[in-house]
Number of protein chains: 2
Amino acid sequence: MKNKVTIKDIAKALGVSISTVSRALKDHPDISESTKTLIKNFAQEINYRPNVLALSLRQQKSHTIGLIIPEIVHHFFSSVISGMEDLSYREGYNIIICQSTENQFREAAALQTLIDHRVDGILISLSKSTQNFSQFKKAIEEGFPMVFFDRICESVETDRVIMDDTEGGRLATEYLIDKGCSNILHLAASSHLLIGRYRRDGYIQALKDHHLPIKEELILKCDTQEEVLTLQNHLYELLPQIDGVFAVNDSTAIALIQILKKKGYRIPQDIRVVGFGDGPNATIVEPALTTIEQKGYDMGRESVRLLLQRLNNPSASISYQTRVFPPTLKIRESA
Amino acid sequence: MKNKVTIKDIAKALGVSISTVSRALKDHPDISESTKTLIKNFAQEINYRPNVLALSLRQQKSHTIGLIIPEIVHHFFSSVISGMEDLSYREGYNIIICQSTENQFREAAALQTLIDHRVDGILISLSKSTQNFSQFKKAIEEGFPMVFFDRICESVETDRVIMDDTEGGRLATEYLIDKGCSNILHLAASSHLLIGRYRRDGYIQALKDHHLPIKEELILKCDTQEEVLTLQNHLYELLPQIDGVFAVNDSTAIALIQILKKKGYRIPQDIRVVGFGDGPNATIVEPALTTIEQKGYDMGRESVRLLLQRLNNPSASISYQTRVFPPTLKIRESA
DNA sequence: ATCGATATCGCAAACGTTTGCATCAAGCAA
DNA sequence: TTGCTTGATGCAAACGTTTGCGATATCGAT
């Protein structure tokens, strides 16, 4: 931060004007070749680097994009970040990262901070607790480019990158049915979380498709490892009547497998289990988890692709797009 | 980014000067209470937000810190990021994240980008491939605040946050010895990676302490899941003569356990295995992995604490500090 | 009435760039 | 010589702030 050399220093040292230096450095045709090389060489020599802050202020463009993410320590999300970083790096953008920790107030603060920082656009996956979307709507109405990924909100019109959660839920459940299960427990996410609702919808649809009864008591809100443990006893009571489980994510599926095994259940012989996510744990648990693959890295890339596309299209000509990633069932041993 | 209201707009609307608005908004004593409330209310009303870019440029301080990290998708590193983000959020700083993907050129580019962005300081964990540290040294000499964490470099003098890897390696190995192992294989990281060397040093020290022979052929460079698979045959040849394994990280330990089990070895009865890291996988693999705990979140927090401490101490008065986190052995079932 | 103190406020420079426009000299045609 | 074009460069405003200093008005004290 100290004694950084500026364009002004170059001008003074070479006895030319600031504007000449500026133009020379970016090959403006008005500047003679001789002064250009003179200035360029000198700049190189003293290791001149433009001040991005000043640039951003001047051109009203920061080449920075903001990211709001629920939890960084989460395989899916960190994969998403990785994909985002990779692509934006290639495109000359930087990412400012904010973690909402599933807290809507912190999420709101993050949005404000990012806007204050004049990021060119924002990538966001909603926190579980967010119920009020007015600030997002307002930002978008004001023309702030924003793309929602994974945890989106249907009521705000904008670009989106999601996967087909309904189809994922359907696929998972149908596979269980095909394997002969008829009493399938669904460990679900909170119903106001869209992805949770969709996955449940898929579960229900598969049951309907195969003319199986939908039993409310077999849909249990339970979407974390911890929750599996707290609901342990209730789960044990349910067990005798079920022969398959579709869990809303891998970690609950795995936690469930662990307590099932402790009770002596054999998987998949006694109970079949399928998860959602296909994180690295899926191949470590025994039996290896059959689960829905979720392409975090690709979704991350696609999100910034969509954002940049909008940034580079000055006019709001193109209508909002929704990219849907198809789910794939990774068949392993647990079902 | 569009029609953002500025301090100038407020001035014009209220018929006062720009400086008055600026001072009023920050409670400068020169401004009368009446104009203060007038201006503040108006600013609130039209939802004025200062332009952080302009601020940063003016005060030569961006309230932003740069992070260079090898791989985001890695439990330890994502925990570190999480801790960093949490603390810097509290302290009013933002984080710009760059991923080196274990590539020294990309790492160098990231450093330059961050400096160009005038971040107030940099947090970095070196890529595996980095051998040339001149740019870091230069940056530090120029007074750029930088703290290295985990993957540090001894030859550059700066603040550091590490864990006692030697002690970790010693602890792990000694535990194996205590359990009766005398032929212990070490799956090691590349020796130019400092943490790899230290963990190996700890391994050797434990052997020496207990008067066990150090066999070079039992130290194998193998630090990823993939490498375990490629070295599979070589490992199988080694197996008959060993009764314990200390792996440089959890994922190799787990990969090893998996191929051991495939060969019919019982763990820990036939071979004891201890890992390093204590990620979420450690409790999923069977048998649960005995491993060295690595406090990523805390190390992340401590890193920004150290950095902010230096930022807030204008003079370079305080000498460089190295924070060392003590390792803890998490005893489970694999050893 | 004069003076100094005090309270309020505005001017303008500065942070590091970019860029429209003006300037100036040289060259050339008439 | 005059006038016009062309090539090369500099001036200054602008991006949105902060801040040292000067300006003005008010007021009590002498």
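Colleague: How far does a polar side-chain atom of K26(B) lie from a phosphate oxygen of DNA strand D?

Modeller: This is a predicted model, in which local features need pLDDT of at least 70 and side-chain atom pairs count only at pLDDT 80 or more, whereas totals for chains, interfaces and linings use all residues, and side-chain values use heavy atoms, with hydrogens and water left out. Residues are numbered from 1 along each chain as its sequence is written, while chains are lettered from A and ligands numbered from 1 in the order in which they are written. For K26(B), the distance from a polar side-chain atom to a phosphate oxygen of DNA strand D is 2.5 Å.

Colleague: Which elements give two or more residues to the surface near DNA strand D?

Modeller: Helices (H or I, at least four residues) and strands (E, at least two) are DSSP runs, numbered from the N terminus, and a residue is near a strand if one of its heavy atoms lies within 4 Å of it. Chain B supplies α1 (7–14), α2 (18–25) and α4 (52–59), and the elements from chain A are α2 (18–25) and α4 (52–59).

Colleague: What is the area buried between chain A and chain B?

Modeller: The size of an interface is often given as the accessible area lost when the parts come together. Here that area (1.4 Å probe) is summed over both parts, and carbon and sulfur atoms give 55% of it. Between chain A and chain B, the buried area is about 5,200 Å².

Colleague: How many salt bridges does the rule find across the interface of chain A and chain B?

Modeller: A salt bridge needs a side-chain nitrogen of Lys or Arg within 4 Å of a carboxyl oxygen of Asp or Glu. One such pair is R49(A) with D116(B), at 2.4 Å from N to O. Across the interface, the number of salt bridges is eight.

Colleague: What is the bridge partner of I97(A) in β2(B)?

Modeller: Two strands pair if DSSP finds at least two bridges between them. Three bridges join β2(A) to β2(B) (residues 94–99), and the two strands run antiparallel. The partner of I97(A) in β2(B) is I95(B).

Conventions: Polar contact = N/O pair within 3.5 Å; in protein donor to acceptor, adjacent residues only side chain to side chain. Buried area = accessible area lost by both parts, 1.4 Å probe.
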